[in-house]
Amino acid sequence: MVTGTLSIVDDVEYYRIDGIEDMEPFLMTVVSDSNLWMFVSSTGALTAGRVDADHALFPYETDDRIHQAVGVAGPVTVIARTIGGTRELWRPFGRELTPHCTRSISKSVLGDRLVFEERHLGWGIGFRSAWAPSRAHGWVRTVELTGHDDHDIDIEVLDGFVDVMPAGIDALTEQIRSNLVNAYKRSEIGPWGTLAVFSVESLLTDRAEPAESLTASLVWSSGFPDAEIDLDGRSVAAMVEGRRAEPGTLITGRPGAYLLRGRVVVPASESVSWMLVADTGLGHADVRAAVDIARSADVAQRVIADTQLGSGRLYELLGDADAFQSTADPIADAHHLSNVLFNSMRGGVFPYGHRVPVADLTNFVTQRNRAVAERHASWLGGLGAWIDVVDLRRAADATGDADLLRLVLEYLPITFSRRHGDPSRPWNRFSINVHDDAGNPLLEYEGNWRDIFQNWEALLHSYPSYFGHVVAKFLNASTIDGYNPYRISRDGIDWEVPDPDDPWSHIGYWGDHQIIYLLRLLEAWQQHEPAAISEWFAQPVFVYADVPYAIADHDAIVRDPRNTITFDEDDAAAIALREEDLGADGRLRVDADGSLLHVGLLEKLVVPALAKLTNLVPDGGIWLNTQRPEWNDANNALAGPGLSMVTLAHLCRYLRFVEGLLDDVDVDTVPVSGTVAEWLADVGKVVDGLPPLVESIDDRDRRTILDALGRAGTEHRRRVRSGSGATPVEVQVSRIRELFSAAANHLEQSIRAAKRADGQIGRAS
């Protein structure tokens with residue numbers, strides 16, 4: 001019977017599942033405050049390492065293969081006992097469940113500890129294996145055997161790891177050339193106590209040149225002093241068969257292991273325990289330091305203290321993000337903590353609250369735009385070591401430099417973020433860079449567009465002074481076409497480049513989630529600072545991303561809606577030259593004179609709305625014709641000929657929100673780029689000419705409207721490509737409001753027309 005409950009063990013709160021043996025295998029992750037990562041199966045098999053999949057301690061595989069890797073990679077335990085002259089075996093969390101055994105798994109509510117337990121009811125003994133991360137030492141596995149009878153139990157134990165990965169082998173090479181990799185492997189123990197070194201004889205290469213490997217993986221142990229250390233994975237079979245195996249102290253040309261084998265006496269109603277520690281990517285000095293630590297008299301206390309220190313740091317990070325709540329439902333509290341944990345790992349947290357470290361701000365400005373950094377070197381130098389983010393914005397605004405203010409707005413001192421990825425999606429690589437060599441927080445983030453902004457939306461409720469910064473980051477990463485690239489990072493933006501040899505390579509403009517994500521950010525920002533948004537409407541401190549994609553004209557899209565994007569090699573080359581000269585700001589759109597094109601906030605809010613209206617099919621939805629799904633992966637099949645009613649509904653809500661913002665604007669006109677002003681006028685003419693809401697639209701009218709809107713978008717893109725239309729013109733605020741109001745009225749009509757009798761949107765089957 002499977003049951004789950006919260007429990008407290010050694011002052012740590014866990015969620016415990018009993019009856020694991022009756023469940024299908026499932027995947028878990030153990031997190032850390034550092035760059036240590038682990039994906040682990042409920043069977044006990046796992047992959048783990050530091051930073052990314054290329055620094056794995058055990059082979060990095062997809063989750064289905066991790067489930068199957070029991071006894072093949074990762075931890076392995078074999079226990080033998082002679083009863084009445086018969087040798088019996090127990091393999092805790094082995095491939096097959098030993099008779100008269102039960103299993104459970106406990107994971108700390110904080111997410112950084114995992115405990116596997118198996119109890120042998122026939123022998124009266126319990127097995128407990130616990131994992132915890134240590135920033136200083138690596139992954140720590142503690143094994144404990146507890147006697148539950150009134151007499152001592154004499155057993156023989158083999159415990160440790162198999163298929164330990166040496167440093168210097170990337171994940172792809174291991175996955176497709178594992179047998180070749182084996183030929184390079186070297187596993188050895190020496191005059192270093194319990195420490196074993198796993199390395200490669202040289203880096204893998206077919207070139208006639210030296211390629212020395214200067215890093216290694218390490219495994220060492222403490223608390224099992226009478227055990228023999230064996231590096232030969234074949235000794236597991238010897239233990240199972242009851243054979244004596246000569247311990248391997250140097251293994252080459254095949255996978256290495258780290259196995260402890262020896263006699264253990266478990267006292268009645270007491271326990272015995274030992275510890276194994278594994279790490280990777282260590283240089284010579286690190287190995288020397290690890291030897292000293294492993295030999296120290298208080299090694300267990302030092303390692304445990306460091307794991308506790310890591311839990312404390314993780315607790316502080318999540319506390320700042322409001323992860324801890326106390327209600328009448330402790331399970332709901334634990335669930336909330338888990339949600340905040342994973343949200344923070346994706347999007348990051350602000351480790352200094354609303355304080356800004358000026359040294360890092362200076363590095364950011366320099367990386368993004370060297371010319372701005374040089375112009376304002378003395379200004380940056382005069383800010384002091386720290387400054388409040390609100391004071392920083394005011395000081396930047398006072399300089400009158402639009403680019404300095406823009407960069408200050410885009411600056412986000414975030415840590416703990418990592419690109420998402422897991423073993424079920426090996427093409428979506430992750431990288432965890434959370435601290436520098438000195439252990440200080442590394443302020444860095446990276447994520448796919450639709451992932452990171454949804455994480456930031458939740459995060460900003462804990463750090464509300466950064467709402468304007470995230471909105472600026474969002475808008476400045478969008479294009480003058482009204483779309484966005486697929487990846488956001490501290491360094492700026494990134495886009496897909498076609499690779500004909502990679503079946504996963506596919507370019508396309510991402511409009512998915514753009515409207516609703518922006519809307520929710522704006523709504524929250526307005527709630528925090530009710531008058532802030534309109535203050536930026538006319539300030540030309542916003543920019544456009546310059547993504548080297550060209551959208552086909554409307555007639556071509558109609559002919560083939562699945563192939564509508566072309567990668568512009570010339571544009572990509574020009575962007576690369578600008579980036580080399582200027583910094584990451586080289587990926588932004590420039591004016592005819594080569595300077596960055598600056599616009600106001602209202603223009604940036606108008607453009608994505610026009611992009612969606614350009615693809616409106618009345619009473620149908622928003623046409624998904626830029627080679628990417630518009631709303632979640634469920635719409636993959638719709639990219640090309642399909643329509644999104646979800647996006648239409650959110651667009652309607654967005655138009656009403658902006659319309660409301662314009663009600664209180666105290667200016668008559670705002671400057672808008674010439675081509676955007678013409679696009680606005682062209683779309684306005686179509687919307688003004690739509691049939692009255694009381695009349696239905698037939699297919700002929702629908703096609704006429706579709707063509708008119710689509711060609712308005714085509715003309716806008718033509719003007720952009722020709723370099724014309726960048727000069728700003730004054731546009732009546734009332735005209736923008738009228739257009740948004742009229743368009744929203746017709747979108748509401750489309751929503752009403754799509755509703756079924758049960759009130760849901762969609763066709764009845």
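The sections below cover the model, its fold and its salt bridges.

## Basis

This is a predicted model, in which local features need pLDDT of at least 70 and side-chain atom pairs count only at pLDDT 80 or more, while totals for chains, interfaces and linings use all residues. Residues are numbered from 1 along each chain as its sequence is written, and side-chain values use heavy atoms, with hydrogens and water left out.

## Overall form

The chain has 23 helices and 31 strands; helices (H or I, at least four residues) and strands (E, at least two) are DSSP runs, numbered from the N terminus. Along its principal axes the C-alpha trace spans about 95 × 65 × 55 Å.

Of the 765 residues, 56% count as buried (buried is under 20% relative accessible area, exposed over 50%, partly exposed in between, with a 1.4 Å probe and protein chains only). Among contacts (heavy atoms within 4.5 Å) with a separation of 6 or more, 71% come from residues 24 or more positions apart.

## Charges

The chain carries 70 positive and 112 negative side chains, and the centres of the two sets lie 3 Å apart. Lys and Arg count as positive and Asp and Glu as negative, without His and the chain ends; each charge is placed at NZ of Lys, CZ of Arg, CG of Asp or CD of Glu.

## Salt bridges

The structure holds 49 salt bridges, each a side-chain nitrogen of Lys or Arg within 4 Å of a carboxyl oxygen of Asp or Glu. In one of them, Arg 16 pairs with Glu 117, with the closest N and O atoms 2.6 Å apart. This pair links strand S2 (residues 12–18) to strand S9 (residues 114–120), across 101 residues. Arg 16 is partly exposed at 24% relative accessibility, and Glu 117 is partly exposed at 21%.

Arg 520 forms a salt bridge with Glu 457, the closest N and O atoms being 2.6 Å apart. Here helix H15 (residues 514–528) is linked to helix H13 (residues 449–459), and the two residues are 63 residues apart. Arg 520 counts as partly exposed at 35% relative accessibility, whereas Glu 457 is buried at 14%. Elsewhere, a network of salt bridges links Arg 368, Asp 403, Arg 406, Glu 410, Lys 473 and Asp 585.
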